Each structure stands twice: as C-alpha cells, then as structure tokens.
Amino acid sequence: MNHCLMLFLQFCKFSVLCFGGGYMLIPLLTAEFVDREQVLTMSEFGNLLSVAQVTPGPVGLNTATYVGYVNAGFFGSLAASLGLIVPTILIGCSAAAGINRWKDTFLVKGMLKGTRLAAVALIMFAVTIFFGMSVFTQTIPWEALGALFKLERPVLPDGFAVSVPGIVICGTVIVLMLKTKLPTTAILLGSAAAGALFAIWF
Amino acid sequence: METEVQKLSRARRLLLLYCSFFRITALVVGGGLAMLPVIEEIFVVKHKLLTREELLDMTALTQTVPGIIAINSAVYIGMKIGGVPGALAAAFGAVTPPFTVILIIASLFPHLDPKNRYLLGVFAGIRAAVTGMILVTGCRMFRRTVKNPLECTVVFIFFILAVMKVSPALLILAAVPFGWCYVWWQTRRLAQAEQTASPGEKPDETSEDGGTAK
C-alpha cells in the first residue's frame, strides 16, 4: 500500500513537471525508474515504450499504466494513472480561466519561457536516449565522448556500433514525416514490419 | 440555434463526454495532438458544443499547462461543456481504454524481454520509428520556441546538464526562476530602447518579444 502511495506521488510529480507533452515523460521516467530505482533495464523500458506507442491511447498514459504494473501490479497501475491525471484535473479546474487572464503578467510569461526552453532540451535528451536503443547498439558512451573536449580520440566501448536496420528505419521515418502526411499509425506498422524483415538477415 | 445535444440533460451530457473521450483514446493511436482532428469532428462539427475558435484557444492552452496533452484536452473540453463534473467525466473516459488495454498486455508480458528474434525485430523497428518521430517533434518545438542565439545557448546548457545526469525535475524547477529573470531583463531592455528611441518612432524589438508569447 505504501508502495502504491509512493507511485501515486511520483506520478503526480511527473504530471506537474511534464511541460510539452508525453515525450517529456521519457527523461523523467528513465531518471527515476532506470537510473535510480532500477526496477527496469533500459532495453525493457525501450520495449515498454514501443508497446505504449503502438497500442491506442496517449503514450504518456500507456507508459504510466505499464510502469505502474511492473512496480506494483494492478494497484500500481491504478496509482500511476491516477497520479498522472489528478494534478491535471486540479490545475485544469482552478487555472483554466485564470491562465488566460494572467498570461501577460511577468510571472506566467517567465515561467512559460523558462520551462519551454528546458522542455526542448529534455526532449532532445530523450532523442539521445532513443538513439542508444535504436540507431546504435548501446547507450551513447558520453564519458568516452568527453575525450573530444581534450582533443583526444574517444575510446568507444566494445559492442558499441551503428545498427543498420535502426538507422535505415529511423531515416526513412524522418523523411516520411517531413515530406508526406502519412498517419503515424501507418508509419509505426510499416516500421514494425520492416523490423521483423530485417530480423531475417541480421 | 440549438441542436438536439445542447438541450440534453446534465447527466446525458456527462455520459456523452465520457463516451466521446472513451472512443477517442480507444481509437486514436499516438494520443496528444493526434486526437485533435477527431475532437474537432465530434465536438465542433457533429454536436456543435464548441466553436472552432474555442478549440484553437484550447489547443494553445493544453500545450502551455503541465501534463499530458491528451488529458489536458479532455479536462478543458469537459470543463467547458459540463463544468467540474464534465472535466471528471471526460478525463476518466480518456483514461479507461488505455488503462484496460495496457493492463491486459502488462499482465500477459510483465517483463517485456522477448526471446523470439522476429518479435525483437518488431520492437527494434518501432523503437527506430519512435526515435525519428521524437526527433522531428523536438526540432519543430525548437523552431517554435527558440528565438535568438542566447536562448539557443540556454537550451544547449540544459541539454549538457541532462547528459551529466542532473535530475530532469531539478532542471525544470531551475528553469522557472531563470525564465523570470530572462523576461524581466527583456522587458527592461525593451523599455530602455523605447526611451532612447526618439518619440513617435517604434523600436524594432517589440516584434521579437511579441513572438515569444505565442
């Protein structure tokens, strides 16, 4: 029960900090559950996000339900989902009218400006987390890349390589998203099929 | 002009909100902004409970307040149509389908560590696609948000701090006082520019500042 209360509060925190949509949850969730508590490995988290992405429903909610279940079963799921929506309902009911009236004040403008800049940076960070799970075979070795600042050749760890299927699919998706208006469902299903096809050769 | 739905009793309205959002999240894959066209079709075109302008205002609002965009949209539309009970009905409607579906999947595969190579391939394919999608979304956000080299530097510093494992929660909290200082400094600079400019002339910087609020 204590565990569920913890989960509820954790997800309340994520909800309040989640500026800029569901993808913002990725850095928050990995910092909490992969790095600190270690209830999930990075590859499990990646698979979990894949499932959340292809099943119907908002990615944020799907991920919360799943992470909650992995942590504490059914009640964990319930606690995580409720944690995600309760702050939104409270904020929505109290501030929905207010924010329009206050939006030109220095306090609201400053907060929005600051959090938006941080949100952009954190979404870019989420991209690098995903790069380590798809385009490369391992998480990006930042410590080794630090050598670049000292003008030395970075020593990459064994097993760190570019994954051919990953880079092909990722590149194709970027082009499709920029050049066509294909629905995301079609893109995701196509990528899933392409991934299975690549599995025959690699 | 009143349509059938606008004359509905309170309870029926709440039921309509619950069922509409249930349908939206049950059918729309991806969530967030992908829900928008469906919301427009149901609430603006079919039931005429919202105007297009209200929906547009709401879209801007749901992206400024914290929280998942899908739930934000449900809460604000519910609020507009049925007050606080409406917000609750819409939010729980939006939550029910993904909660049920994921619960079933999670209870079948709690560890998500498949051994089958084709299934692994499917996951790898989706992960690669999601990487591309987040990258495109991130770049679009960058272009909308970052207006000058200083802001670009700030984003870069936040990014480096995130790489150095500074907690994301801390970064967002630190961004708030930074934003206050930044906006305060910007308005002061603007006021100074207005003072130095000869009367009757408008300084150019107003357009730059006006753009950031949108």
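The angles run from 0 to 180 degrees between N-to-C directions, and the axes are lines fitted to C-alpha atoms, for helices over the stretch in contact. Helices are DSSP runs of H or I with at least four residues, strands are runs of E with at least two, and both are numbered from the N terminus.

What you see is a predicted model, in which local features need pLDDT of at least 70, side-chain atom pairs count only at pLDDT 80 or more, and totals for chains, interfaces and linings use all residues. Residues are numbered from 1 along each chain as its sequence is written, while chains are lettered from A and ligands numbered from 1 in the order in which they are written.

Start with α7(A) and α8(A). Their axes come within 10 Å and cross at roughly 160 degrees, and therefore α7(A) and α8(A) are roughly antiparallel to each other. The crossing of these two helices is right-handed. As for handedness, a crossing is left-handed if the near helix is turned anticlockwise from the far one by less than a right angle, and right-handed if clockwise. From α7(A), the contact uses P165(A), I169(A), V173(A) and L176(A); from α8(A), it uses I187(A), S191(A), A194(A), G195(A) and F198(A). Contact here is between residues whose C-beta atoms, placed from the backbone, lie within 7 Å. Sorted by class, this contact of α7(A) with α8(A) has 7 nonpolar, 2 polar and no charged residues. The classes are Ala, Val, Leu, Ile, Met, Phe, Trp, Tyr, Cys and Pro as nonpolar, Asp, Glu, Lys and Arg as charged, and the others, Gly among them, as polar.

Now a helix pair between the chains. Helix α5 of chain A, residues 106-133, packs with helix α5 of chain B, residues 117-145, at an angle of about 160 degrees, and the axes are 9 Å apart. That angle is why α5(A) is roughly antiparallel to α5(B). Here the crossing is left-handed. Among the residues that meet are R116(A), L117(A), V120(A) and F130(A) on the α5(A) side, and R127(B), V130(B), I134(B) and F142(B) on the α5(B) side. The contact of α5(A) with α5(B) has 14 nonpolar, 4 polar and 2 charged residues.

How many residues does each chain bring to the contact as a whole? Chain A brings 93 residues and chain B brings 86 residues. On the chain A side, the elements that each supply at least two residues include α1 (2-17), α4 (59-102) and α8 (184-201). The most comes from α5(A), with 23 residues. That side of chain A has 62 nonpolar, 26 polar and 5 charged residues.

Next, the chains one by one. Chain A has 8 helices and 1 strand, in the order α-α-α-β-α-α-α-α-α along the sequence. Its C-alpha atoms fill a box of roughly 55 × 45 × 40 Å, taken along the principal axes. Of the 202 residues in chain A, 51% are buried. Buried is a count of 20 or more other C-beta atoms within 10 Å of a residue's own, exposed is 12 or fewer, and partly exposed is in between, with C-beta atoms placed from the backbone.

Chain B also comes to 8 helices and 1 strand, and its elements run α-β-α-α-α-α-α-α-α from the N terminus on. Buried residues make up 37% of the 214 residues in chain B. Its domain assignment gives domain 1 (5-108) and domain 2 (114-145), with bounds that come from an automatic or database assignment. The centres of these two domains, taken over C-alpha atoms, are 26 Å apart.

Finally, single residues. Y66(A) sits in helix α4 of chain A and counts as buried, with 30 C-beta neighbours inside 10 Å. Leaving out residues up to four places away in sequence, Y66(A) touches L48(A), V51(A), A52(A), I102(B) and A106(B).

Which phi does Q38(A) have, although it is not a glycine? Q38(A) has a positive phi of about 55 degrees. Q38(A) is in the loop between α2 and α3 of chain A, and is exposed, with 8 other C-beta atoms within 10 Å. In chain B, K165(B) is not a glycine but has a positive phi of about 70 degrees. K165(B) lies in the loop between α6 (149-163) and α7 (168-196), and is exposed with 11 other C-beta atoms within 10 Å.

Notes
Angles under 35 degrees count as roughly parallel, over 145 as roughly antiparallel, 65 to 115 as roughly perpendicular and the rest as oblique. Two residues are in contact if their C-beta atoms, placed from the backbone, lie within 7 Å.
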